[in-house]
Amino acid sequence: MQENKPYVFVYINYRDYLKELVAWYKQNRPQFSYRFFSREAGFKSPNFLKLVIDAERNLSSESIDKFSAALKLNKEESAFFRALVNLNQATTAADKKYYSEEILKFKKVIKLYPLKRAQYDYYSKWYNITIREMIPARGFKNDPKWIASKLIPPITSTEVEKGINTLLELEIAKVDNKGNLIQAESTITTGDQVSSSAVVQYHQTMIKMAAESIERFRGNEREISSTTVALSSEKFLQIQQMIRDFRKQVLAVAEGDGAREKIYQLNFQLYPLTEIIDDGEK
DNA sequence: GACGGAGTAACTGGTAGAGA
DNA sequence: TCTCTACCAGTTACTCCGTC
């Protein structure tokens, strides 16, 4: 017999939670079945739970309540379960951002995953990554006011302070015995939907800033170009690989640059402008 | 083989969006 | 504003399987 019933706050995907809960119930309560759950929850459909677990159905607002009641979740667990369902079923970046932030407010989540907030902040605020890249640059000063004055567009010194705290919390920067801020080697996981939502925000911000850079900088200070081409699926994959290889080359060049005068942002975007044109019809 | 419980495929009805 | 269409949450009806 498995000891602990799956704990909702541990999960970042409600379908995984339901799947493991079903496994637990089947092991611990012989009378449990999808049909049994439907009766408990007030659904006429005997397999509704399975359809939800298999991602063939989403949960409506009303069915979230029915599920919470059947699962005997308390008030806080029900609220978290609702936020989780909303996050997992969100279709727009704005909704994902909203529900990610909702999830990060739960005390149980903060206690279980103390670094989750910092991970989210690291990617959702563009300047955190920039500040980390500034650290090894020649002439860098561990002074929030000075750092704020160097960033384009400018941010406040309070935001810089928060950013540095995030880097320290995640141990991707540290203070040496002389009081200097130095880069540290550490990895940040981005696999779950909360962190992924922050990464999406990061990409959106950087693409937006690229658009703003056209007016913000003179032509000799930036490099902006774009090309529209017709491609087969095969050639698309080839170009995708070329971009990945080029990105590695850029990182290698940057790695070997001892001067590091400025921090630059290099974006790559390759995306379709049409559906498949030749669908086989004449 | 009758019965009941399990899972699943096919169906229904409501709704939102697109186009006339 | 009306009609058509597509999508999706939830239902119905079917088959399968174990038990008596």
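Colleague: Which helix gives the largest share of the surface near DNA strand B?

Modeller: The largest share, 3 residues, comes from helix 2 (residues 34–41). Helices (H or I, at least four residues) and strands (E, at least two) are DSSP runs, numbered from the N terminus. The model is predicted: local features need pLDDT of at least 70, side-chain atom pairs count only at pLDDT 80 or more, and totals for chains, interfaces and linings use all residues. Residues are numbered from 1 along each chain as its sequence is written, while chains are lettered from A and ligands numbered from 1 in the order in which they are written.

Colleague: What makes a residue count as near a strand, and which residues are around DNA strand B?

Modeller: The C-beta atom of the residue, placed from the backbone, must lie within 6 Å of the strand. Around DNA strand B this gives Ser33, Tyr34, Arg35, Phe36, Pro46, Asn47 and Lys50. By class, this surface has 3 nonpolar, 2 polar and 2 charged residues. Here Ala, Val, Leu, Ile, Met, Phe, Trp, Tyr, Cys and Pro count as nonpolar, Asp, Glu, Lys and Arg as charged, and the others, Gly among them, as polar.

Colleague: Which residues are around DNA strand C, and how do they divide by class?

Modeller: The residues around DNA strand C are Phe43, Lys44, Ser45, Pro46, Phe48, Arg57, Asn58, Leu59, Ser60, Glu62 and Ser63. They divide into 4 nonpolar, 4 polar and 3 charged.

Colleague: What is called a nonpolar core, and which residues touch the most other members of the largest one?

Modeller: A nonpolar core is a set of buried Ala, Val, Leu, Ile, Met, Phe, Trp, Tyr and Cys residues joined through C-beta atoms within 7 Å. A residue is buried if 20 or more other C-beta atoms lie within 10 Å of its own, exposed if 12 or fewer, and partly exposed in between, with C-beta atoms placed from the backbone. In the largest core, of 23 residues, Tyr14, Phe81 and Leu84 touch the most other members. Two or more residues each come from helix 1 (14–28), helix 3 (48–53), helix 4 (61–70), helix 5 (75–89) and helix 6 (93–103). Helix 5 gives the largest share of this core, 6 residues. Apart from it lies another core, of 10 residues, including Ile155, Ile164, Ile172 and Ala173.

Colleague: Why are the buried residues of helix 6 said to line one face?

Modeller: The residues concerned are Lys96, Tyr99, Ser100 and Ile103. Seen down the axis of helix 6, they fall within an arc of 110°, so they line one face of the helix. The arc is that of the directions from the helix axis to the C-beta atoms.

Colleague: Why is Lys72 called exposed, and why is Glu171 called partly exposed?

Modeller: Lys72 has 10 C-beta neighbours inside 10 Å and therefore counts as exposed. Glu171 has 14 C-beta neighbours inside 10 Å, so Glu171 counts as partly exposed. Lys72 is in the loop between helix 4 and helix 5, and Glu171 is in the loop between helix 11 and strand 1 (173–175).

Colleague: What is the phi of Lys72, and what is that of Glu171?

Modeller: Lys72 has a positive phi of about 55°, although it is not a glycine. For Glu171, also not a glycine, the positive phi is about 60°. Most residues other than glycine have a negative phi, and most peptide bonds are trans.

Colleague: What makes the peptide bond from Ile152 to Pro153 cis?

Modeller: That bond is cis, with omega near -5°. Pro153 is found in the loop between helix 10 (144–150) and helix 11 (157–169).

Colleague: How do you know that Lys107 is exposed?

Modeller: Lys107, in helix 7 (residues 107–112), has 9 other C-beta atoms within 10 Å and is therefore exposed.
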